[in-house]
Amino acid sequence: DLSNFGTEERKASVDAAIQYDKEKKEFTLVKQVQGTEIDPDKLETTVDTNLNAAFDTAMLGDTITVPINKHVYVSPTVTVTEDMKNKITDLNSQLKKYRSSTVTYTFGSEMAVLDSDTITSWLKAEGETLTLDEEAIKAYISELANKYNTIYVPRIFHTSAGTDVTIEGNEYGYRIDQDGEYAQLLEDLKSGTAVTREPVYSKKGYQRNGTDDLAGSYIEVSLDAQHLWLYKDGCLVTETDIVSGAPTPERETYRGAWPIAYKASPFTLSSEEYGYAETVKYWMPFAGDVGMHDASWRKSFGGNIYKTNGSHGCINLPTSVAKTIYNTIEKGWPVLVYTLPGTESAAQLQQDVQTVIDLINSIGEVTADSETVIASARSQYDALPDSTKANVTNYDVLVAAEAALAQIKAAGEQTGM
């Protein structure tokens, strides 16, 4: 009966343990402490041993004294070991590395810094474990992606015409691989170093400056204006009239944004469906089988040519311009194709005016056979916007031709012809 050992309150033994000290901000080793609680088994063994020894010398009736000391106390279950000391060293070493880590993400010339304060806020030190807050890290990466991802979302593009257009089919740009970035970030934080790098991308554009993934280098195509512009580092390299796909569901040119897939020179374009095989000097595809290429068989570009003699979806270019573009761009170069009603360019209107002028000039000497060309010139002139009709500099020739044709027809009626 342990109650026979006095009324003194006995203390339990304390195990050795690794603990995180919030004041010291490090892991510490708490040594074991021997308590004074009696272990019944140890006590019984001690008593038996002392009695057996005493019976050999003591007389019957003698008092036998059994010493009670720490040998009968309950021992700590866990005592300090070399493994625990080594673990303390490792934990504090990793803790120091986490706190000294920084990651600087580069987005072209723009940077986003993951500082040590933020990293420290992710640390979870409990008992003898050191972990990072997984959800907080993933939330940080998600915010990074929401800000800097540019692909697969509608793109607001400022056109060369000075207006903005929304490009829905946006297949060009950057996308952070959030799972890949998470894995890489954990490795960076373990290193205890200052890391500077790009995020881990699943999709990557040609170049970027922060959220601007064009950074002044792109090809712009206006289907309404039938015009193309090539920019490099913010400077216009060249521009040209084009001929795009015919405006039918099967042949119209795709709208959207894509990277140049590759370049080839020469290259043979062929189609069993449409029955053609044409070798071009400069082939630059961007949306599957749709791309840009020289069209040496065409004598003119721009205007309304595409409406009656359009391509099968590709962007047809003058050979000299196609060469310039081919020698300037690289794989991955962004191409933006859009429609913006009401922005039919001055170049296109000028082309329409020139078509009327050429028709009038082709009338020549008026005869009875001139009626078809005169009627065509009149029809196309009347179709011009009022603001551009004044640009038809030979309109008086058309009026005179119509008067001459009227006289010829009147004379014919008088003679019965």
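Me: How many disulfides does the count come to?
Reply: The count comes to zero disulfides. Please note that this is a predicted model.

Me: And Cys 235, is that buried or exposed, or something in between?
Reply: Cys 235 is partly exposed, with a relative accessible area of 49%.

Me: What about Cys 314?
Reply: Cys 314 is buried, because its relative accessible area of 12% is under the 20% cut-off. Cys 314 is also among the residues that lie nearest the centre of the largest pocket.

Me: Which others lie nearest the centre of that pocket?
Reply: Tyr 276, Asp 289, His 312 and Gly 313 are listed there together with Cys 314, and 31 residues line the pocket in total. The space in this largest pocket is about 720 Å³.

Me: Which strand gives the largest share of the lining?
Reply: Strand β16 does, with five residues. At least two residues each come from β16 (267-271), β17 (276-280), β18 (283-287) and β19 (290-294).

Me: How do the lining residues divide by class?
Reply: The lining of the largest pocket has 14 nonpolar, ten polar and seven charged residues.

Me: What volume does the second largest pocket have?
Reply: Its volume is about 180 Å³. The second largest pocket is lined by 14 residues, and strand β7 (residues 155-158) gives the most, with four.

Me: New topic: where does His 227 lie?
Reply: His 227 lies in strand β13, which covers residues 227-232. His 227 is buried, at 9% relative accessible area.

Me: What lies 3.2 Å from a polar atom of its side chain?
Reply: That is the backbone oxygen of Thr 240. His 227 also touches other residues, including Glu 220, Val 221 and Ile 242.

Key. Residues numbered from 1 in each chain as written. Predicted model: local features only at pLDDT ≥ 70, side-chain atom pairs only at ≥ 80, totals over all residues. Heavy atoms only, no water. Buried < 20%, exposed > 50% of the residue type's maximum accessible area, 1.4 Å probe, protein only. Polar contact = N/O pair within 3.5 Å; in protein donor to acceptor, adjacent residues only side chain to side chain. Contact = heavy atoms within 4.5 Å. Disulfide = S-S within 2.5 Å. 1 Å grid on protein atoms, 1.4 Å probe; cavity = no way out; pocket = protein on both sides within 12 Å on 5 of 7 lines; lining within 4 Å. Points joined across faces, edges and corners; volume = space filled by probe spheres on them. Nonpolar A, V, L, I, M, F, W, Y, C, P; charged D, E, K, R; others polar. Lists of a residue's contacts leave out its neighbours within four places in sequence.
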